[in-house]
Each structure stands twice: as C-alpha cells, then as structure tokens.
Amino acid sequence: MSLLNKPNLLSGIILGVVVLVAGGYGLVTYTQAPELEHYQVDKEYSFPFNFDRPLVTKLPEDLVEISGLTPWMKEGELLSVQDEDGKLFVVDSRTGEITDEFKFGKDRDYEGVARNGNNIYVLERDGDIHELKYEKGVKEFEAKKLETAFSYRNDTEGICYDTETGDLLIVPKEQELNPAEAEPYRHGIYSYDLKKEELLPQPSYYIDEYAVGEIVYGKQKPFHLKPSGVAVDPLTKDVYVIASVGNIMVVINRESEIKQIELLKEKTFKQPEGICFDKQGNLYISSEGRGGKAVIASFTRKDGGPTKNRTDE
C-alpha cells in the first residue's frame, strides 16, 4: 500500500528524518565548538586572574552603550565613554554609580578612551584622537583633534596608553591600515607616537587568528575575531586584547606570542568593548547592554588587591 494512503506513517517518517538531520547538525556544531574556556599557552606564565568569579556591576542607562574604559584618579573609579555623546563619565566600578561627568566635544561615534596623568585621549571610530587636559571642577573641555591615517573603513575601536613605550596603542576592528601589505587573518595593534603626533605605519604587535585557532580548536583552523579593546598590564607589560566578535580575550607578550586565552561568557559579556587595568594591576572589562543593562566586570589580581582610599594625583 502506498505511503500516501497512510498520512500518519508518512508524517512520522518525515519527522524522524528532520530529527536525525537536526541531531547530526547539532553534533557537528558541538564537536567543532571549543571544549574549554581557559587556555594557558605559556606553561611558565601564571595568569593572575580568576575569570570564573568576577565582580559584575550593572551600569545606569547613560552607559548602556559604554564603549571604552581607563583608570581614573581615585581607586575603584574608572573613566568611561559611550559611543554616541561627546561626554566622559567617572563611574564607581563597585557600585556602578556615576560620580562625575564632563563634556569634551560634539556627539560623534566614540569607541575608546585612554589616560596618562591629566591627559585624556578619546578615540573616534574614524581614527581621530581627541586630546584634552583634565582640570578638576571644569565641566566642559575644548579638545584638540589629532588626525591619523585611519578612516571609517578601519573602524578603530580600542585605545590605551602604553606605560612601557609612552605611546598610545590602537586596534582597528575591521580593515588593516595597509590592507595590501597585511597578512590575512592577522589583526594589527598600532602605535601612535605622542611626541611626534604620528601613527606608525606598521603594527607594533598582532593577533594571528590561525595561532588562536590552533590553541582553541587544536588544529589549523582560524578563530574569527574582531578586536574591540586593548590594554597593557602595568606589572608584566603584556598586551591584552578583547574582541566583541568572537567573545574572546587574548594575552600576548611584546613578541606577539600568545600567553593566555580566555573565552568570555556571553551571559556576562554580551558585547565586550572596554578593557583597562588600575595601578595595582586589577583588571576591568565593560560590556554594552545590547537589550539589557551594561556591566563592568572587575577581576582582582591574585597576587594582591588594591589599597583603600589611595588616590592618583
């Protein structure tokens, strides 16, 4: 008898095929997924943070699109920027409270912020850097614009002050500065010389997707990522790079060798874009809200925490 005359049987067979196909796809997807969240590459390196137990602080609505972080004058406070308004916000990393704010420019697409003493540097998506000198009590500053060779095609997202060299480090999310010369699957970290006020044409450091993939997947397969933040560990001088596409943090030394990889949990880091260290070497990562509350995750260094009420004059 034809299966057409037995609709219940036919429906059962079709459903069974669908389940098998879906199950097979799920198995393939699962087996290709990373098995771990923490990858210690350099066996002589002791990663100083426990990524399983951060202090996660929710932020107010003004910072739902927080895009950059840098340590502030008072311990526990961070200077932050969000990617729509020409404002800077001082936020308490433990409570999420905004303790101060000031204006520095027009409403543009700002993606990162860095600080050295009273000098503050805000990164725009097109690579322009807005420099201002902070004065206590002032609520509006006139920033000086430092133009670079970057443009919107590069989509610059991360900036930090490098205490080792005295330069600014900048990471583009998209195209490299000189794509014709760049190696595929490599993401450059570029240096901006503050003394000469110029961007070095070649990256100082880089993240290699194949090197990351070999560690995470255990085979020659690129791990696709797009950098969104950069920071320098003040104690080891290692370079930390986070990526919102890929939800990953990669730690490299000054030879661009990978020392540690952390896969960031999407439950906490919906869109990680800001990263910085305080003077004591404690780590902070911010994530945009993306439909919920933005957060700052604080990681206390294992070999010692901060000192109470210490200020940075």
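Tutor: Glutamate 176 touches Arg153, Asn154, Ala182, Arg186, His187, Gly188 and Tyr190, leaving aside residues up to four places away in sequence. A contact here means heavy atoms within 4.5 Å.

Student: What kind of model is this, and how are residues numbered?

Tutor: This is a predicted model, where local features need pLDDT of at least 70 and side-chain atom pairs count only at pLDDT 80 or more, while totals for chains, interfaces and linings use all residues. Residues are numbered from 1 along each chain as its sequence is written, and side-chain values use heavy atoms, with hydrogens and water left out.

Student: Where does glutamate 176 lie?

Tutor: Glutamate 176 is in the loop between strand E12 (168-172) and E13. Helices (H or I, at least four residues) and strands (E, at least two) are DSSP runs, numbered from the N terminus.

Student: Is glutamate 176 buried or exposed?

Tutor: Glutamate 176 is buried, yet has no salt bridge. Buried means under 20% relative accessible area, exposed over 50%, and partly exposed in between (1.4 Å probe, protein chains only). A salt bridge is a side-chain nitrogen of Lys or Arg within 4 Å of a carboxyl oxygen of Asp or Glu.

Student: Which side chain of opposite charge is nearest to glutamate 176?

Tutor: That is arginine 153, 9.4 Å away. For charge, Lys and Arg count as positive and Asp and Glu as negative; His and the chain ends are not counted.

Student: What polar atom does the backbone nitrogen of glycine 188 lie 3.0 Å from?

Tutor: A polar atom of the glutamate 176 side chain. A polar contact is a pair of N or O atoms within 3.5 Å; within protein, one must be able to donate a hydrogen and the other to accept it, and residues adjacent in sequence count only if both atoms are side-chain atoms.

Student: New topic. How many salt bridges does the structure hold?

Tutor: There are 19. One of them joins glutamate 124 and arginine 108, with the closest N and O atoms 3.9 Å apart. Glutamate 124 is in strand E8 (residues 119-124) and arginine 108 in the loop between strand E6 (98-103) and strand E7 (110-116), 16 residues apart.

Student: Which other residue pairs with arginine 125?

Tutor: Aspartate 155, at 3.2 Å from N to O. Aspartate 155 lies in the loop between strand E10 (144-146) and strand E11 (156-161) and arginine 125 in the loop between E8 and strand E9 (129-133), so the pair ties together parts 30 residues apart in sequence. Aspartate 155 counts as buried at 6% relative accessibility, and arginine 125 is partly exposed at 30%.

Student: Which residues are linked in a network of salt bridges?

Tutor: Glu37, Asp52 and Lys265.

Student: And helix H2, which residues are buried there?

Tutor: In H2 (residues 209-217), Glu209, Val212, Gly213 and Val216 are buried. Seen down the axis of H2, they fall within an arc of 100°, so they line one face of the helix. The arc is that of the directions from the helix axis to the C-beta atoms.

Student: What covers them?

Tutor: The cover includes strand E1 (38-40), strand E13 (186-193) and strand E15 (205-208).

Student: What is at the start of H2, and what follows H2?

Tutor: At the start, a side-chain oxygen of aspartate 208 reaches to within 2.8 Å of the backbone nitrogen of tyrosine 210. Glycine 218 follows H2, and its phi is positive, near 80°.

Student: How many helices and strands does the chain have?

Tutor: The protein chain has two helices and 22 strands. Of its 313 residues, 48% count as buried.
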